[in-house]
Amino acid sequence: MSAKPKLRSIWVFHLNTGSCNGCDIEIIDVLTPFYDVERFGIKLVGSPRHAHAMLVSGPLTRQAYYGAKMAIKAMPPEPRIIVAIGTCTCSGGIFYNGYPVYRRPESGREGNEYPRFGGINELLKDLRDEGVKVGPVIYIPGCPPRPEEIIYGIAQLVGLVEKKLSYQHYTEETSPFRLPEMPIEERIRLTLREKLRHVVGYLDRDAILEDFMKLVEKAEKSENPKEELRKLVEEYNSKQKDMRIVFCMKLLESEYWRVKDAISAGKEFVYWI
Ligand code: SF4
């Protein structure tokens, strides 16, 4: 929605509705002297009763719902501007179908449907249903949005710049989502890599995986790759002093065949990532 309220100075209240703190740090950033959003007449206030605009962050958890509702209702009825900062606030973000996130009953909870439901939008619909007037809403997506993007959104709010993008409704026809096709080996490697992350973390996984893939390469050239890989892993493990590496190699061996067999059988969703 285009918003050009005739205000020379806007008092804002910052409301966290369950954010991970990433967006909040960026909001604080634009208020500090480096970005100095006060030069546009934006002033942070300590109570929603004094605020023209509410800077909201977070996906709107169930716990935050009633507090957020009271805070918005406490704002003066005009202009009651909402600035949704961050992807979570715009659409629920990565938390959009999580249990703790508030969604209107008719919004449903399952699936990857677009537009995604969640965030302050769900509360605004409730408020409008109750007859509460809510003014213009500015959406500033990003996880978190950079300070420049927040300033750009605010510049739109005070009418300093025009909006460049327009709303587009997403459908499967306009933009079908497909998983990128990769060589099967790469798919297996990435799945194993992710599996290893759970066991040994980010730091060691690549070195272990590299060693394992060398054994796979050798085994796949033989007549009986399964048998050969088992032998090669045993041989490799017999030289190891660290039991964690021994465990990882055995795990990778069984995981390799599990993923490979599933892909050969045409099964989907064998990814860990
Ligand atoms: S948009 Fe990203 S940074 Fe902001 S609250 Fe959500 S997860 Fe955190």
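## A walk through the predicted model

Read from the N terminus, the elements of the protein chain follow one another as β-α-β-β-α-β-α-α-β-α-α-α-α, which amounts to 8 helices and 5 strands. The model is a predicted one, and the description below should be read with that in mind. Of the 273 residues in the protein chain, 42% count as buried. When contacts between residues at least 6 apart in sequence are considered, 70% of them join residues at least 24 apart.

Which residues are found around the ligand? They are S19, C20, G22, C23, T87, C88, G142, C143 and P144. Sorted by class, this shell has 5 nonpolar and 4 polar residues, with no charged residue among them. Two helices, helix 1 (22-31) and helix 3 (87-91), each supply at least two residues of the shell.

P144, one of the residues around the ligand, also takes part in a cis peptide bond, which joins C143 and P144 with an omega of about -10°. P144 belongs to the loop between strand 5 (137-140) and helix 5 (147-157). Another cis peptide bond leads from E78 to P79, where omega is near 0°, and P79 is placed in the loop between helix 2 and strand 4 (81-85).

As background to these features, most peptide bonds are trans, and most residues other than glycine have a negative phi. N21 is not a glycine, yet its phi is positive, at about 95°. This residue is in the loop between strand 1 (10-16) and helix 1, and with a relative accessible area of 41% N21 is partly exposed. D36, likewise not a glycine, has a positive phi of about 50°; D36 sits in the loop between helix 1 and strand 2 (42-44), and its relative accessibility of 30% makes it partly exposed.

On the side of helix 2 the contact is made by Y65, A68, K69, I72 and K73, while helix 4 contributes I120, L123, L124, D126 and L127. Taken by class, this contact has 7 nonpolar and 3 charged residues, and no polar ones.

L127, in helix 4, is buried, with a relative accessible area of 0%. Apart from residues up to four places away in sequence, L127 touches K69, I72, K73, V132 and V134. K69 lies in helix 2, and although L127 and K69 are 58 residues apart along the chain, their C-alpha atoms are separated by 7.7 Å. Is K69 buried or exposed? With 12% relative accessibility, K69 counts as buried, because the cut-off for that class is under 20%. Its own contacts, leaving aside neighbours within four places in sequence, are with L123, L127 and E130.

Helix 6 (residues 184-220) and helix 8 (residues 243-264) pack with their axes 11 Å apart and at an angle of about 65°. In the contact of helix 6 with helix 8, the residues divide into 21 nonpolar, 1 polar and 7 charged.

Conventions. Residues are numbered from 1 along each chain as its sequence is written. This is a predicted model: local features need pLDDT of at least 70, side-chain atom pairs count only at pLDDT 80 or more; totals for chains, interfaces and linings use all residues. Side-chain values use heavy atoms; hydrogens and water are left out. Contact means heavy atoms within 4.5 Å. Helices (H or I, at least four residues) and strands (E, at least two) are DSSP runs, numbered from the N terminus. Ala, Val, Leu, Ile, Met, Phe, Trp, Tyr, Cys and Pro count as nonpolar, Asp, Glu, Lys and Arg as charged, and the others, Gly among them, as polar. A residue is near a molecule or strand if one of its heavy atoms lies within 4 Å of it. Buried means under 20% relative accessible area, exposed over 50%, partly exposed in between (1.4 Å probe, protein chains only). Axes are lines fitted to C-alpha atoms, for helices over the stretch in contact, and angles run from 0 to 180 degrees between N-to-C directions.
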